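Please keep the sequence and the 3D view open while reading.

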Amino acid sequence: MPDLDQRLKRYLQCEYEPPRPDVEGRVTRLIGLTLEAVGLKVALGDYCLVSLQGNGSVEAEVVGFSGDRVYLMPLDSVDGLSPGAAVRPRVGASLVPVGFGLLGRVIDGIGRPLDGKGPLRPDDMVTLAGETINPLHRHPIEQTLDVGVRAINGLLTVGRGQRLGLFAGSGVGKSVLLGMMTRFTEAEITVVGLIGERGREVREFIDHSLGPEGMARSVVVAAPADDSPLMRLRAAQLTTRIAEYFRAQGKNVLLLMDSLTRYAQAQREIALAVGEPPATKGYPPSVFAKLPKLVERAGNGETGGGSITAFYTVLTEGDDQQDPVADSARAILDGHFVLSRSLAEQGHYPALDIEASISRAMPQIVDESQLHLALQFKRLYSRYQQNADLIAVGAYARGSDPETDRAVDMLPVIRAYLQQGMNEPMPIKRCMQELAMLMSAPPQQPQNATAQGQPLRRTP
């Protein structure tokens, strides 16, 4: 239970209406997504209230200026805006709700409930900007985090406080994999940010991917594609801020953001609207400045505190791994998991491309024997993939290469290990035991179809 000071602070923030300031500006022009106003004395990042016809108003953020003209980006629709509409600076910082009272709730980018379960009961109201942690004070990544997915636990082991990217095109199972990790993880709390995705996917993710069990210990922040760019931007920041609050309480948090690409696209829309020149494939420089600022807020806290293990999905348009956002994210994250469209088309789920994926923290958090087994597994899988075309057409002669022969023989069990049902949790200890048994057991002679690389179905 929060103490009296916290309760009073919460009630005051909810009930108190600041007095109308004497200084008031007016709207002079609407340019695409941006409002242009004059007569204001505000700073970059301040918030204003723009009057609409009738008694309504919409909140807007100062995103740029030129001389005495100020550029504002509204959070919501500006239907009803008229020329010369009044613009009033908002007194005080914009505060958002955080706390254990948000568990099991769905909120939007400014902390308003979307689930129809009544008003929120937050423990505190805080600003969106979190405190920067001195990198030398961060606790190093030393412990594994069980995410309940065999291919990740055994071959791409994740550490507490690690930040990873999930790179995939559309329709290859990103949301299903995120849902599996949310339900199966050993993390105490999960914070999910659904940024810029289709509106119908929000309900589907909550009902089917999360389920009642996952939702009970999760907070979901949703800003669908039809929300304003600023709302999508703030939703990503709020997702991170809520996770930071739980980390400060000593909790191990799993942060899932779907997707980092939509966050970058929202910033691109804002930057282009205020006149920032495009640089790399239409992305202004500010996009690549904001990405590390968001990602660096995740990770371990100070020694003795909590942790935020973060997964950011990165949408690779046309499965292009050299997309500028994907390339930038790969450089600032602690590893990346690539989902393969060809595997998904074969009915292989999760469609993790083991060859193209890496967990940079794995060598520091598993023992040498486990690392050796994982490398041996990847080597066999890669050897088969290199010769798959020859094997498929019957051009490979058995006995030409002993390692390729072993890879062909072990292909059925290798594929069985990589596949997993969406309702089948796999604890990390069991994953490692199965990997050790798989690599030590003598391979069985495959059937002809298997030897020619045909996909197998895992028997129950």
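At what angle do helix α13 and α14 pack, and how far apart are their axes? The angle is about 165° and the axes are 11 Å apart, with α13 covering residues 402-418. This is a predicted model, in which local features need pLDDT of at least 70 and side-chain atom pairs count only at pLDDT 80 or more, while totals for chains, interfaces and linings use all residues. Residues are numbered from 1 along each chain as its sequence is written, and side-chain values use heavy atoms, with hydrogens and water left out.

Axes here are lines fitted to C-alpha atoms, for helices over the stretch in contact, and angles run from 0 to 180 degrees between N-to-C directions. Angles under 35 degrees count as roughly parallel, over 145 as roughly antiparallel, 65 to 115 as roughly perpendicular and the rest as oblique. α13 and α14 are therefore roughly antiparallel to each other. Their crossing is right-handed; that term applies if the near helix is turned clockwise from the far one by less than a right angle, and left-handed if anticlockwise. On the α13 side, R406, M410, V413 and Y417 meet C431, E434, L435, L438 and M439 of α14, where contact means heavy atoms within 4.5 Å. Seven residues of this contact are nonpolar, two are charged and none is polar. In this scheme Ala, Val, Leu, Ile, Met, Phe, Trp, Tyr, Cys and Pro are nonpolar, Asp, Glu, Lys and Arg are charged, and the others, Gly among them, are polar.

Helix α14 (residues 428-440) also meets helix α11 (residues 368-386); their axes come within 10 Å and cross at roughly 60°. α11 and α14 are therefore oblique to each other, and α11 passes α14 in a left-handed crossing. From α11, Q370, L373, A374, Q376, F377 and L380 touch M432, L435, A436, L438 and M439 in α14. Nine residues of the contact between α11 and α14 are nonpolar, two are polar and none is charged.

Now the strands. Six of them close into an antiparallel barrel in the order β1-β2-β5-β4-β3-β6. Neighbouring strands in this sheet are turned by 45° against each other on average, direction ignored. Within it, β3 (residues 47-51) and β4 (residues 57-66) pair in the antiparallel sense over five bridges, pairing being called if DSSP finds at least two bridges between two strands. L49 has E59 in β4 as its bridge partner.

The protein chain has 15 helices and 19 strands, taken as DSSP runs numbered from the N terminus (helices H or I, at least four residues; strands E, at least two). Of its 460 residues, 52% are buried, that is, under 20% relative accessible area, with exposed over 50% and partly exposed in between (1.4 Å probe, protein chains only).
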